[in-house]
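Good morning, colleagues. Please look at the sequence and the structure together as I go through a few local features.

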Amino acid sequence: MSEATTGKLWGVGLGPGDPELMTVKAARLIGEAEVIAYHCARHGRSIARSVAEPHLRGDQVEERLMYPVTTETTDHPGGYEGAIAEFYEHAAKRLAEHLDAGRDVVLLCEGDPFFYGSYMYMHERLCDRYEAEAVPGVNSVSAASAQLGLPLAQRDEVLTVLPGTMPEPELAMRLADTDAAAVMKLGRTFSSVRSAMAEAGRLDDAYYVERATWGAQRLEPLADVDPDSVPYFSVAVLPSPAYAARTSGEQAASADPAGPDARTGELTVVGLGPGPAEWLTPEAEQALAGAEHVVGYGPYVARVPQRAGQQRHTSGNTVEADRAAHALDLAAQGARVAVVSSGDPGVFAMASAVLERAEEPRWHGVRVRVVPGITAAQAAAARAGAPLGHDFCVLSLSDRLKPWEVIERRLDAAGAADLALAIYNPASRSRTTQLAKAREVLLRHRAADTPVVVARDVGGEEESVRVTTLAELDPDQVDMRCLLIVGSSTTTTVERDGSTTVWTPRTYGERQQQE
């Protein structure tokens with residue numbers, strides 16, 4: 001097959017078990033190879049070889065790579081990981097001898113070589129010295145979906161593939177966060193996986209598939225499976241929720257939320273506050289505890305404690321309208337939904353996005369309420385002292401949703417009115433010039449020594465609060481995680497206990513009134 005002086009390594013995916021699901025290329029390479037290698041346990045039998053057997057010539061060299069340990073214990077000084085690493089090193093040397101002799105090697109791999117496949121460990125040890133190529137195969141997740149007759153995911157749904165060896169709390173969180181899922185590596189992990197499914201509220205929707213496409217195939221609802229009967233070659237599947245809802249008629253039943261049999265859902269937009277859990281209000285905590293679905297930007301959803309039966313839906317930071325529509329759809333189907341925002345949801349956050357989308361006729365039956373939270377401006381001001389003690393303005397420098405001309409006009413007006421300013425979104429990777437322009441505008445109306453608070457990650461692990469002046473403010477030291485507070489003409493600084501306290505008096509002095 002190869003004309004090189006050294007042989008070529010092929011990682012050939014055999015598919016999930018049915019020999020007819022092997023690709024044409026895989027069958028051809030197996031038939032042409034000079035050396036056929038495969039993994040096996042101590043009993044010597046190999047599932048991979050049994051699948052490939054119809055295509056073996058009978059005169060090929062066979063390299064049986066026998067695992068020293070599978071699930072049993074080992075007396076190797078490095079434990080299980082040490083024993084397996086040593087095995088792979090020895091196996092790689094055996095294959096290298098054939099490759100050095102100019103013989104091509106086909107290493108058989110159930111499923112797909114690079115999808116939890118054993119081939120990858122040979123590939124990483126040999127690909128820098130020899131030509132190496134993986135031939136993809138039908139993986140067990142695709143086979144399980146086909147045998148169930150249920151689609152894994154459709155349209156914008158997210159499919160997550162997880163190992164059953166993951167710690168149960170993290171597994172439950174990830175199952176709640178995704179639309180559809182497949183959990184690999186069951187066997188002894190099955191009880192933990194089942195508990196995680198229940199904790200995530202997904203157990204009733206999950207299926208168990210054992211030896212997909214084999215003669216001994218087994219399909220059952222996951223909740224009905226005896227943990228003692230589960231082998232390693234099995235997978236847990238959460239298929240497409242949209243498909244399940246459509247085929248079960250749930251969407252049709254909930255299309256008219258005002259109908260006599262419809263369940264009335266509710267959407268609550270919840271403010272998480274800017275950082276630590278102790279800044280979460282009791283009302284917000286109660287709303288989160290009662291929600292069946294939590295929807296939001298990924299890092300914010302991660303701040304919500306996982307609760308049994310609660311499903312989580314995460315998305316990126318720039319899809320507010322789509323996120324609102326998804327949450328409204330869930331509520332229209334009768335669910336209790338919480339949309340989460342950092343800080344207060346009504347301040348540059350999700351409340352307005354939800355209320356705007358809720359104006360569309362299809363969601364008129366959905367009740368929307370807003371639960372407030374501590375704002376980033378409040379948290380930053382408290383850390384500095386009381387710089388917002390008098391009249392102030394809250395303004396965002398982001399020109400993603402409004403033109404810079406509008407921002408500049410508002411900055412000029414706030415400066416002329418002698419208002420203190422809390423400035424959100426002062427900079428980002430793509431917005432590097434706005435803050436310098438804003439400083440120029442404010443210096444038309446403010447003294448150079450006007451106090452400026454630069455608060456970063458308030459309440460977080462990287463919190464820093466420093467006080468500078470308007471003239472000395474360095475835009476290069478400000479990023480998206482910062483909030484700025486620019487004082488008014490009356491804002492004062494005082495040194496207390498080695499730090500600078502900033503405050504604005506509630507009274508307005510005679511000098512300002514005369515000016």
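Is the crossing of helix 12 and helix 13 right-handed or left-handed? The crossing of these two helices is right-handed; a crossing counts as left-handed if the near helix is turned anticlockwise from the far one by less than a right angle, and as right-handed if clockwise.

Before continuing, the conventions. This is a predicted model, in which local features need pLDDT of at least 70 and side-chain atom pairs count only at pLDDT 80 or more, while totals for chains, interfaces and linings use all residues. Residues are numbered from 1 along each chain as its sequence is written, and side-chain values use heavy atoms, with hydrogens and water left out. Helices (H or I, at least four residues) and strands (E, at least two) are DSSP runs, numbered from the N terminus.

To return to the helix pair: helix 12 (residues 320-332) and helix 13 (residues 350-357) pack at an angle of about 60°, and their axes are 9 Å apart. That makes helix 12 oblique to helix 13, given that under 35 degrees is roughly parallel, over 145 roughly antiparallel, 65 to 115 roughly perpendicular and the rest oblique. The axes are lines fitted to C-alpha atoms over the stretch in contact, and angles run from 0 to 180 degrees between N-to-C directions. Contact means heavy atoms within 4.5 Å. From helix 12, E320, A321, D322, R323, A324, A325 and L328 meet M350, A353, V354 and R357 of helix 13.

Next, helix 6. Its buried residues (under 20% relative accessible area, with exposed over 50% and partly exposed in between, for a 1.4 Å probe and protein chains only) are L171, A172, L175 and A176. Seen down the axis of helix 6, they fall within an arc of 130°, so they line one face of the helix; the arc is that of the directions from the helix axis to the C-beta atoms. Among the elements covering them are strand 7 (180-184) and helix 7 (190-199).

Strand 19 (residues 451-456) has 6 of its 6 residues buried. P451, V453 and A455 point one way, and V452, V454 and R456 the other. Two strands pair if DSSP finds at least two bridges between them. Strand 19 is joined to antiparallel strand 20 (residues 464-469) by 6 bridges, with P451 opposite T469. It also pairs with strand 21 (residues 482-486), again antiparallel, over 5 bridges, where V454 stands opposite L484.
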